[in-house]
Amino acid sequence: NLPRAFVHQFIGQMVASVEIRKAPRVVLQWNEEQIWPVHDLRLMLQKAGLLKLRKGRLSLTRRGRDLIQEGREGALMNRLFRAEIARTRTPRDIHGWEAALDAGWGFMLHNWTNRQFRWHGPGALAEDMLPPYARERILLQEGKEAIPILFELFFLDMMEAFGLAESRIAPVPEDTGRRMRQYRPTPLAPRFLTFNLAHPDISIEETG
């Protein structure tokens with residue numbers, strides 16, 4: 001794990017995180033696992049081959065040092081995005097809803113890059129973007145109410161983390177007492193993600 005001193009320094013740069021704002025102030029020393037953005041980032045960097053562990057010490061790999069150079073921002077994002085998809089592609093049950101969502105990555109990404117820049121809630125987006133087999137699997141195993149929740153956790157949160165989506169709290173009448181988050185693609189999404197229909201893989205541009 002990352003040293004506590006580094007985690008504490010990293011926290012100072014992540015004050016916008018809801019999880020950190022809600023954390024008890026009496027805790028003076030944080031472990032890596034207590035701050036999920038730090039823990040998640042470390043796992044992703046290792047999966048991308050940018051960080052290595054040797055004799056109990058974490059350090060940048062040769063590829064990692066190369067990709068943090070000025071002008072390599074697009075290549076770095078490319079590497080991290082692919083690594084994060086690969087890291088999530090480990091469904092425990094090949095017949096479960098996770099496997100169904102995993103199989104629909106290309107379908108969902110293609111739909112996302114072709115959407116207009118309009119705000120929509122997770123429910124409407126899931127209805128338009130989920131592959132039918134994934135929607136049916138979630139419906140059978142988790143229920144109808146879980147469809148927008150799982151779509152938001154599995155897809156929309158990742159798109160927002162990589163700057164390919166933006167979100168807002170939807171304006172709703174005050175007497176309803178409800179607050180709903182809405183999402184839309186950012187202008188970066190269609191530039192970063194391209195598709196070659198003659199090849200089964202997703203082409204991710206190294207946008208600077």
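Analyst: A helix axis here is a line fitted to C-alpha atoms over the stretch in contact, and the angle between two axes runs from 0 to 180 degrees between N-to-C directions. Keep in mind that this is a predicted model.

User: Thanks! How do I use that to read a pair of packed helices?

Analyst: Two packed helices are described by the angle between their axes and the distance between the axes. Take H7 and H10: they pack at about 55°, and their axes lie 12 Å apart.

User: What does that angle make H7 and H10 relative to each other?

Analyst: Angles under 35 degrees count as roughly parallel and 65 to 115 as roughly perpendicular, so H7 and H10 are oblique to each other. Their crossing is right-handed.

User: Which residues make the contact of H7 and H10?

Analyst: From H7 come Trp105, Met108, Leu109 and Trp112, and from H10 come Phe151, Phe154, Phe155, Leu156, Met158 and Met159. By class, that contact of H7 with H10 has 10 nonpolar, no polar and no charged residues.

User: Let's look at H7 by itself. Which of its residues are buried?

Analyst: Buried means under 20% relative accessible area. In H7, residues 105–113, that applies to Trp105, Met108, Leu109, Trp112 and Thr113. These residues are on the same side of H7 because they cover an arc of only 130° around the axis.

User: Good, now a second pair. How do H9 and H10 pack?

Analyst: H9 spans residues 132–141 and H10 spans residues 146–161; they pack at about 120°, with 9 Å between their axes. That angle makes H9 oblique to H10. The crossing of H9 past H10 is right-handed. On the H9 side the contact is made by Arg135, Ile138 and Leu139, and on the H10 side by Ala146, Ile147 and Leu150. Sorted by class, the contact of H9 with H10 has five nonpolar, no polar and one charged residues.

User: And where do the buried residues of H9 fall, seen down its axis?

Analyst: First, the residues themselves: Ala134, Arg135 and Ile138 are the buried ones in H9. They line one face of the helix, because they fall within an arc of 100° when viewed down the axis of H9.

User: What covers the buried residues of H9, and what sits on the face turned away?

Analyst: The cover includes helix H6 (97–103), helix H8 (122–129) and H10. On the face of H9 turned away from its buried side, you will find the exposed residues Glu136 and Leu140.

User: What should I look at just after H9?

Analyst: Look at glycine 143, which takes a positive phi of about 100°.

Notes
Residues numbered from 1 in each chain as written. Predicted model: local features only at pLDDT ≥ 70, side-chain atom pairs only at ≥ 80, totals over all residues. Heavy atoms only, no water. Buried < 20%, exposed > 50% of the residue type's maximum accessible area, 1.4 Å probe, protein only. Helix = DSSP H or I, 4+ residues; strand = E, 2+ residues; numbered from the N terminus. Arc of directions from axis to C-beta. Parallel < 35°, antiparallel > 145°, perpendicular 65-115°, else oblique. Left-handed = near helix turned anticlockwise from the far one by under 90°. Contact = heavy atoms within 4.5 Å. Nonpolar A, V, L, I, M, F, W, Y, C, P; charged D, E, K, R; others polar.
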